[in-house]
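Please find below my notes on the model.

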Amino acid sequence: MNKKFGVKEVVAIGIGTALFIVLTNVQIPVGFIPNTALQTRAAVLAFFAAVFGPVVGGVVGFLGHALGDALFYGSVWWSWVFPEAVFGVIVGLCAAKYKIKEGSFGGKEIAMFNVVQAIGNAAAWIVVAPILDIVIYAEPANKVFTQGATACVLNIVIIGILGTLLLVAYSKVGAKSGSLSKED
């Protein structure tokens, strides 16, 4: 695998960030936990991180969340922007092992992807986000750890279903078209 950062990665950041922003308002609220919802944008972030690596994943998570917050909510909730980037980096660190570009995203790789995304979600939403909520905004610990744990579980579910489906489809199309090679 070539570890260069080029035009494809820059384009991926642009497209991934735009999709993340657009999907900011596509969500199913969880009525019993305030400010927490099932969001399809989590699957989009996982997809871009898994295909293009940790830099793309981190930047898409950071920019997408920050700009989405600013555009749809009028202010940026930084304690949830940084964890989004952390999640993107964690999933992206194993991008080569998922074998998506080679068209080999099968059972073992799907399992690895889902284990990594679960670990990434736990790190981002059960550890980083609540701690930053407490440190930056002086939020009550019981509230933010409950929100974080709920976000973690919801993200694992949506990414496990939608993210996996996107990656399986992309792996098959990319491998058949010959447009993606091991050097990409």
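1. Does Ala 138 count as buried or exposed? Ala 138 counts as exposed, at 64% relative accessibility, where buried means under 20% relative accessible area, exposed over 50%, and partly exposed in between (1.4 Å probe, protein chains only). Ala 138 is found in the loop between H6 and H7, and its phi is positive, near 55 degrees, in a residue other than glycine.

2. The basis of these notes is as follows. This is a predicted model, in which local features need pLDDT of at least 70 and side-chain atom pairs count only at pLDDT 80 or more, while totals for chains, interfaces and linings use all residues. Residues are numbered from 1 along each chain as its sequence is written, and side-chain values use heavy atoms, with hydrogens and water left out.

3. Lys 99 also has a positive phi, of about 55 degrees, although it is not a glycine. Most residues other than glycine have a negative phi. Lys 99 lies in the loop between helix H5 (95-98) and H6 and is partly exposed, with a relative accessible area of 35%.

4. The secondary structure comprises seven helices and two strands; helices (H or I, at least four residues) and strands (E, at least two) are DSSP runs, numbered from the N terminus. From the N terminus on, the order is α-β-β-α-α-α-α-α-α.

5. Of the 184 residues of the protein, 45% count as buried. The C-alpha atoms fill a box of roughly 50 × 30 × 25 Å, taken along the principal axes.

6. The largest nonpolar core has 32 residues, of which Tyr 98, Phe 113 and Leu 167 touch the most other members. Such a core is a set of buried Ala, Val, Leu, Ile, Met, Phe, Trp, Tyr and Cys residues joined through side-chain atoms within 4.5 Å. The largest share of this core, nine residues, comes from H2. Leaving aside neighbours within four places in sequence, Leu 167 is in contact (heavy atoms within 4.5 Å) with Phe 47, Ala 50, Val 51, Ile 100, Phe 105 and Phe 113.

7. Among contacts between residues at least 6 apart in sequence, 72% join residues at least 24 apart.
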